[in-house]
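Me: I would like to go through a model and learn how to read its features one at a time. Please show it first.

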Amino acid sequence: MQLNGQFEGAASGETFNVSGKTDILLREKGRNIFIAECKFWKGPKVYRGTIDQLLSYTSWRDTKTAIIIFTKGTTLSTVLAGVKSETESHPNYKRTEPWKHESGARFVLHQPGDANRELLLTVLIFDVPA
């Protein structure tokens, strides 16, 4: 709802794109400009699967993506370490970008099937109080 206020109805949730339904999809002039998945932290292996899931929703033209993680009962430091480790060991990983915020990270991955086509992955982590 907040995104639609900013982007005049161009945002949608649980929207089919490429091979499944993504949690957040933002389109502008008929073109995807942002794709995101939202998850509760359930460990590094589940996070790695989320990267694969997100990549399966992207087409060659999609370049901006995000994973929004909610954590409850796991320290933010543990989640950040898991995100960094799993992303940097992912087969589509290219490099880590500078990111000035403490509760997230930014990475460059390549599109599945095209190592020369890059996409930006921003991971935002939110601590949910118990």
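Me: How many helices and strands does the secondary structure of the chain come to?

Reply: This is a predicted model, and the chain comes to three helices and seven strands. To read the order, follow the sequence: the pattern is α-β-β-β-α-β-α-β-β-β.

Me: What percentage of the residues count as buried?

Reply: Buried means under 20% relative accessible area. Of the 130 residues in this chain, 38% count as buried. As for contacts with a separation of 6 or more, 48% are made by residues 24 or more positions apart.

Me: Which residues have the most contacts inside the largest nonpolar core?

Reply: A core is read as a set of buried nonpolar residues joined through side-chain atoms. The largest one here has 19 residues, and those with the most contacts inside it are Tyr47, Ile67, Ile69, Val83, Leu121 and Val123. Helix H2 (44-56), strand S4 (64-71), helix H3 (76-88), strand S6 and strand S7 (114-127) each supply at least two residues of this core. Beyond residues up to four places away in sequence, Val123 touches several residues, including Tyr47, Ile67, Ile69, Val83 and Phe107.

Me: Is Gln111 buried or exposed?

Reply: Gln111 has a relative accessible area of 2%, so it is buried. This residue belongs to strand S6 (residues 104-111). Apart from neighbours within four places in sequence, Gln111 is in contact with Thr58, Ser59, Trp60, Asp62, Asn92, Arg117 and Leu119.

Me: What is the nearest side chain of opposite charge to Glu37, and how far away is it?

Reply: A salt bridge needs a side-chain nitrogen of Lys or Arg within 4 Å of a carboxyl oxygen. For Glu37 the nearest side chain of opposite charge is Lys39, 4.1 Å away, and Glu37 is buried with no salt bridge. Glu37 is in strand S3 (residues 31-40), and its side chain makes a polar contact with the side chain of Gln53 at 3.3 Å.

Me: How many salt bridges does the structure hold?

Reply: There are five salt bridges. In one of them, Arg48 pairs with Glu86, with the closest N and O atoms 3.6 Å apart. Arg48 lies in helix H2 and Glu86 in helix H3, so this pair ties together parts that are 38 residues apart in sequence. Arg48 is partly exposed at 25% relative accessible area, whereas Glu86 is buried at 16%.

Me: Which residues are linked in a network of salt bridges?

Reply: When reading salt bridges, check for shared partners. Lys94, Arg95, Glu97 and Glu118 are linked in such a network. Within it, Lys94 and Glu118 meet at 3.2 Å, N to O. Lys94 is in strand S5 (residues 93-97) and Glu118 in strand S7, so the pair ties together parts 24 residues apart in sequence. Arg95 bridges to Glu97, with 2.9 Å between the closest N and O atoms. Arg95 counts as partly exposed at 34% relative accessibility, and Glu97 is partly exposed at 27%.

Me: Which side chain does a polar contact join to that of Asp52?

Reply: The partner is His90, at 2.6 Å. Asp52 is in helix H2 and counts as partly exposed at 42% relative accessibility.

Conventions. Residues are numbered from 1 along each chain as its sequence is written. This is a predicted model: local features need pLDDT of at least 70, side-chain atom pairs count only at pLDDT 80 or more; totals for chains, interfaces and linings use all residues. Side-chain values use heavy atoms; hydrogens and water are left out. Helices (H or I, at least four residues) and strands (E, at least two) are DSSP runs, numbered from the N terminus. Buried means under 20% relative accessible area, exposed over 50%, partly exposed in between (1.4 Å probe, protein chains only). Contact means heavy atoms within 4.5 Å. Lys and Arg count as positive and Asp and Glu as negative; His and the chain ends are not counted. A polar contact is a pair of N or O atoms within 3.5 Å; within protein, one must be able to donate a hydrogen and the other to accept it, and residues adjacent in sequence count only if both atoms are side-chain atoms. A nonpolar core is a set of buried Ala, Val, Leu, Ile, Met, Phe, Trp, Tyr and Cys residues joined through side-chain atoms within 4.5 Å.
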